[in-house]
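Here is a short tour of a single chain, written to be read with the model open beside you. Have a look around first, and then we can go through it together.

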Amino acid sequence: MARATELAGFVGAALAGLAYIPQIWHLIHERCSAGLSRLAFSLWLTASILVTSHAVAIGEAVFVALGAVQLAATTLILAYTTRYAGSYCASHLPASLAPVVRLDYPTASLEADHPLPPTVA
Ligand SMILES: [Zn+2]
């Protein structure tokens with residue numbers, strides 16, 4: 001039974017690592033740090049170091065593997081979030097940084113073609 005749960009633990013650690021891939025891929029490939037907090041990932045990295053050091057000390061292979069996954073993922077995310085701080089892909093660009101859309105058509109001729117109704121005072 002312990003063997004089956006140990007195997008389940010390794011599968012869980014592998015799934016935890018796979019779950020990080022889309023986020024890391026987007027961060028590195030798109031150079032987009034939207035929604036990623038450096039403070040939060042700094043804390044997760046610190047927590048991973050502390051928990052993994054205990055896992056190593058007691059020799060729990062599943063938790064050492066999970067810790068290694070967490071250490072690798074949080075280190076990568078923290079490094080690239082720092083490198084690409086303030087950088088966003090087109091789909092995550094904040095509205096405040098988006099280019100202003102201008103309607104460049106001559107308003108004078110538009111008004112001549114479509115006069116406004118007279119205003120009643
Ligand atoms: Zn993005």
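Which residues make up the largest nonpolar core?

## The core

The largest nonpolar core consists of A13, L27, C32, F41, L66, V69, A73 and I77, eight residues in total. Such a core is a set of buried Ala, Val, Leu, Ile, Met, Phe, Trp, Tyr and Cys residues joined through C-beta atoms within 7 Å. A residue counts as buried if 20 or more other C-beta atoms lie within 10 Å of its own, as exposed if 12 or fewer do, and as partly exposed in between, with C-beta atoms placed from the backbone. Helix 3 gives the largest share of this core, four residues, and helix 1 and helix 3 each supply at least two.

## About the model

This is a predicted model, in which local features need pLDDT of at least 70 and side-chain atom pairs count only at pLDDT 80 or more, while totals for chains, interfaces and linings use all residues. Residues are numbered from 1 along each chain as its sequence is written.

## Overall build

The chain has four helices and zero strands, in the order α-α-α-α from the N terminus. Helices (H or I, at least four residues) and strands (E, at least two) are DSSP runs, numbered from the N terminus. Of the 121 residues in the chain, 12% are buried.

## Helix 1 against helix 3

The axes of helix 1 (residues 2-29) and helix 3 (residues 61-83) come within 9 Å and cross at roughly 5°. Axes here are lines fitted to C-alpha atoms, for helices over the stretch in contact, and angles run from 0 to 180 degrees between N-to-C directions. The two helices are therefore roughly parallel to each other, a term for angles under 35 degrees.

Residues are in contact if their C-beta atoms, placed from the backbone, lie within 7 Å. Helix 1 contributes residues including F10, A13 and Y20 to the contact, and helix 3 contributes residues including L66, V69 and I77.

## Helix 2 and its flanks

After helix 2 comes G59, with a positive phi near 75°.

In the loop between helix 1 and helix 2 sits R31. Phi of R31 is also positive, near 55°, in a residue other than glycine. R31 is partly exposed, with 13 other C-beta atoms within 10 Å.

Terms used
Parallel < 35°, antiparallel > 145°, perpendicular 65-115°, else oblique. Contact = placed C-beta atoms within 7 Å.
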